[in-house]
Amino acid sequence: MSILFYKKPDYRPKNEGPLNLHNCQKYVEKTKECKSKIPADLSFERIISNKALPPCSLQDFIDYLAYVTHDAENLQFYLWLVDYHQRFRNAPPEETALSPKWNFDDSQSSPRHSGNSNYSAIGGSDKTLSILGVKDFDAIEEEDISNASLIEDRSGGDQLSPYTATLGTLKFSEISLAESKPPDGHQRRSNNAQPFRLEINRVITHYIALGAPRELNLSHKDRAAVLYALRRTTHPSAFHPIKKVLDLTLRNQSHPNFVRWSICNGNKPWTIFLRTFAICNIVIGFAIATLLTLSHASRWYRILAALEWWFGITNLIAAYQGLCVLLLRRHTREVRPWEMNEESRRYGASDEEAALRHSKVLYEETKSRWPVKMELFGPPNTWDKETWMDRYGMRSIFKKTFEKEVPTQEQGLHLLQNRIVRQAEAWALIITIPLTIFFTALPRGNLY
């Protein structure tokens, strides 16, 4: 009976306001309440590690966040933070000693240096910083990403992998310590002499500071705490508040919504056409059953209407879930509008990117260093001026409906799609049998 009541992963709407642990816990609770498990092949770890195949690859995840939910900066910063954590650990000890670990004080609710120097509180009691607690950077690999609560892995019910164990093998960037070190003229005692200081400054201006091109939706206290810490150290522990809220959001909100969206293998025009086609088949089935009932023909001919009913109801239920049975059987999906022309995608050159090349951002250092088409530092994640927008708008409704098809390679996605189709077929059979019995039992009309 479970196949009859199967539901794809529930949609998790964004919480109003900035990201904080209180709002992120709502995503965690939603994940625990969700009865629809995501297959292990589509787990957050596999997708973020770039091991899942299209249309559930890391590139597809970034595209989804950029074009559908408009919050790609969360994943972009998250990937950078994982990479930065690795590079900092691999840096020479004499360099990392200049950037001591940063702790967020429980008792004073204020950030403080891990050394002997004390700093004034940023102000007020911050529950977020209290939950973070004091962490030992050397023990991060053995510690779960969340101290507040252990999240169950949707693929099997086990606890989530540790933060660095999940992504610790990734080597996205080739930015070396030498590239991020300040010029030799800087004094070693200054904070500017800390390793990766220039890179940290770029991250601040692109993701953390108010009005940044890819400003993260952080609470005022978290933003102030992180900025306060980053002025004094480049240690990865200074990013703990951001790391926590992004990990909880990506795992429990963005990732389930992405899997839910990926199940749909047709664009909106095709889905509308498919629903109309299914309804027409159901109507034809009723027409066949009615005409045969009113005629002199044997009542057993009325069973022919069952084929139309079953076919139409199956496609209608599947289309309601955004799934086309025909495309599924062919192991294909329709291309997304932004995939029609690779040259027109947001990764191409633009006036804003050209301006960055002549700025102090050293924009070229961030290009072509990732396993996906993602630029760490660049313009805002907007796409309203991309060339594919005009081209797609000029396409006829016929071309939008019958788009080009591309293969779907991820077997975990096929598992979910096949489950939905089997559910549609089962419900169609349950509805078709009573209809067939009813019309077959009616006496002949003998009108013609």
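Before we look at how helices pack here, a word on axes: they are lines fitted to C-alpha atoms, for helices over the stretch in contact, and angles run from 0 to 180 degrees between N-to-C directions. The helices themselves (H or I, at least four residues) and the strands (E, at least two) are DSSP runs, numbered from the N terminus.

Hello everyone, and thanks for coming. What you see above is a predicted model, where local features need pLDDT of at least 70 and side-chain atom pairs count only at pLDDT 80 or more, while totals for chains, interfaces and linings use all residues. Residues are numbered from 1 along each chain as its sequence is written, and side-chain values use heavy atoms, with hydrogens and water left out.

Let's start with the overall picture. The protein chain has 18 helices and four strands. Of its 448 residues, 53% count as buried, where buried means under 20% relative accessible area, exposed means over 50%, and partly exposed is in between (1.4 Å probe, protein chains only). Now take contacts, meaning heavy atoms within 4.5 Å. Among those between residues at least 6 apart in sequence, 77% join residues at least 24 apart.

On to the helix pairs. Two packed helices are described by the angle between their axes and the distance between the axes. For H3 and H11, the axes come within 10 Å and cross at roughly 95°. The two helices are therefore roughly perpendicular to each other; that label covers 65 to 115 degrees, with under 35 counted as roughly parallel, over 145 as roughly antiparallel and the rest as oblique. On the H3 side you will find Asp 60, Phe 61, Tyr 64, Leu 65 and Val 68, and they meet Leu 250, Ser 254, His 255, Asn 257, Phe 258 and Trp 261 of H11. By type, that contact has seven nonpolar residues, three polar and one charged. For the sorting, Ala, Val, Leu, Ile, Met, Phe, Trp, Tyr, Cys and Pro count as nonpolar, Asp, Glu, Lys and Arg as charged, and the others, Gly among them, as polar.

While we are in this region, have a look at the loop between helix H2 (44–48) and helix H3 (58–69), which holds Pro 55. Pro 54 and Pro 55 are joined by a cis peptide bond, with omega about 5°.

Who makes the contact? From H9 come Arg 197, Ile 200, Ile 204 and Ile 208, and from H10 come Arg 223, Val 226, Leu 227 and Leu 230. These residues divide into six nonpolar, no polar and two charged.

In the loop between helix H8 (177–180) and H9 sits Phe 196. Phe 196 is not a glycine, yet its phi is positive, about 65°. With 1% relative accessibility, Phe 196 counts as buried. Is Arg 87 buried or exposed? It counts as buried, at 10% relative accessibility.

Now to helix H12 (residues 268–294). Its 27 residues reach 39 Å from first C-alpha to last, close to the 39 Å expected at 1.5 Å a residue, and that expected span is 1.5 Å times one less than the number of residues. Its buried residues include Trp 270, Leu 274, Ala 278, Ile 282, Gly 285 and Ala 289. What covers the buried residues of H12? The cover includes helix H13 (304–320), strand S3 (332–334) and helix H18 (411–441).

Between helix H11 (240–263) and H12 we find Asn 267, which is buried at 8% relative accessibility. Leaving out residues up to four places away in sequence, Asn 267 touches Glu 334, Val 335, Arg 336, Pro 337 and Glu 403. In the loop between H12 and H13 is Ile 303, partly exposed with a relative accessible area of 39%. Beyond its neighbours within four places in sequence, Ile 303 is in contact with Thr 436 and Thr 440.

One last stop: His 331, in the loop between H14 and S3. His 331 has a positive phi, near 55°, in a residue other than glycine, and at 43% relative accessibility counts as partly exposed.
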